[in-house]
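Have a go at each task before you read its solution.

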Amino acid sequence: MLRKISVAELSPGMFVVDSGLSWLEHPYLFGQEGEIKSLAAVREIAEAGYTEAFIDTERGTYAQGRSAEPTLAELLARETDRPAEPAVPLEEELVAATAVYQDCLCIARNVLETVKAGGELDMDEPTSLVDDVIASAVRNPDALVALCKLRRHDAYTFTHGVNVAALSVAFGTALGLDTLGLRDLGLAGLFHDIGKTGVPDAILNKPARLSPGEFEQVKNHPGYGRQILEGRGLPEAVLRGVAEHHEKWGGTGYPHGLAGEDVHPYGRIIGVADVFDALTSRRAYKDGILPTKALGVLYGMRERDYPPGLVERFIKFMGPYPVGSFVRLASGHHAFVSKSNPGRPLFPELLLTFDPAMARLKPRKIEAKPDAAGKSPIIEVVDPARHGIDPLEFLCPTGR
Ligand SMILES: [Fe+2]
């Protein structure tokens, strides 16, 4: 089917057709037939002054790869889950994921600095990096999820976008999103707060409650983010993911107070990942809370702020003991959670590292086994920083 779209909506993989309309009468219609190969190509078309093009929705890799965009209710109804056995073990994937994470941090930093300086944004590099994030999440979703929580040394401004992209993509794989959907979700996650470049730092970093006027400025950031990203060949789903990540199920969010199904599924998924990362991140004025506690906070917000089933599904994905958690066992030993157990989440694989006197042991993997009463041996989740312990030293001894 032929469809006329704006050049701002053109994406790599779409097939442009020559409509046969006269150039003299339609000087702004791009009609060079063929598949769009890159975001740079889209940019060149826009820069040449074209504003519209006809595409054939049944031709091109975009048409072949993209299934109809599912609604959130459809995603949540799918009987998908994380695989019982990851394709690559955690310690191996952490090495690859650390490299991807570092590259994402560089890109996030570059993009924010470019936007602040009023420079031209290039979306090809972020897109290929998000593809690397997806590849890591497919090999073992726990590696990037664990890294988000285990790294402690980078500025929140840069890490937050990367964390939200990684968490959203990893969760998206468990929801059964296809690769193109994951790419859109990852790009929206990476850039969800890009509009904060228009909000003064003094407001963003203010430890006290914001005044009504200051909050009004903050409320502009999703819409401003969309404006920054518009016209760069990004799909509408990416723009909506960015623009709608603060909208709430009950219509109490911002900037438009959209409610229920009016919010794009990616806005919803990024909204959950955003709050989870904000709660668990250390900031200049507050310590982060433990991931298990953050999941509890999200659960408390589920009916008012999130669509039915979304928070529950996110908690199921993360598990009661997210990989990387440091736990105290009934025996008094301490261990790291090294592999989730989707079938029996209370009994993950553990890496035993400390005896009851907190003396280091030679790390060894054990299965969390039920006691005589069928209870989990895990008593509580502990913050490893309280003991001066760096989890990556144990979980990724070769890749730190
Ligand atoms: Fe935001």
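**Exercise 1.** Which residues of α12 are buried?

*Solution.* Start with the word: buried means under 20% relative accessible area, with a 1.4 Å probe and protein chains only. Helices here are DSSP runs of H or I with at least four residues, strands are runs of E with at least two, and both are numbered from the N terminus. The buried residues of α12 are A237, V238, L239, G241, V242 and A243. Helix α12 spans residues 236-243, and six of its eight residues are buried, making it mostly covered. Next, look at the cover: it includes α8 (179-190), α11 (221-229) and α13 (265-280).

Before going on, note that this is a predicted model, where local features need pLDDT of at least 70, side-chain atom pairs count only at pLDDT 80 or more, and totals for chains, interfaces and linings use all residues. Residues are numbered from 1 along each chain as its sequence is written, and side-chain values use heavy atoms, leaving out hydrogens and water.

**Exercise 2.** Describe how α4 and α7 meet.

*Solution.* First find helix α4 (residues 90-116) and helix α7 (residues 156-174), whose axes come within 9 Å and cross at roughly 120 degrees. The axes are lines fitted to C-alpha atoms over the stretch in contact, and angles run from 0 to 180 degrees between N-to-C directions. Now name the arrangement: α4 and α7 are therefore oblique to each other. Angles under 35 degrees count as roughly parallel, over 145 as roughly antiparallel, 65 to 115 as roughly perpendicular and the rest as oblique. Finally, list the contact (heavy atoms within 4.5 Å): Y101, C104, L105, A108, R109 and L112 of α4 meet T157, F158, T159, V162 and N163 of α7.

**Exercise 3.** Work out the strand order of the open sheet and find its edges.

*Solution.* Two strands pair if DSSP finds at least two bridges between them. Five strands form the sheet, in the order β9-β8-β7-β6-β10, with antiparallel pairing. At the edges lie β9 (360-367) and β10 (378-382), each pairing on one side only.

Notes. Buried means under 20% relative accessible area, exposed over 50%, partly exposed in between (1.4 Å probe, protein chains only).
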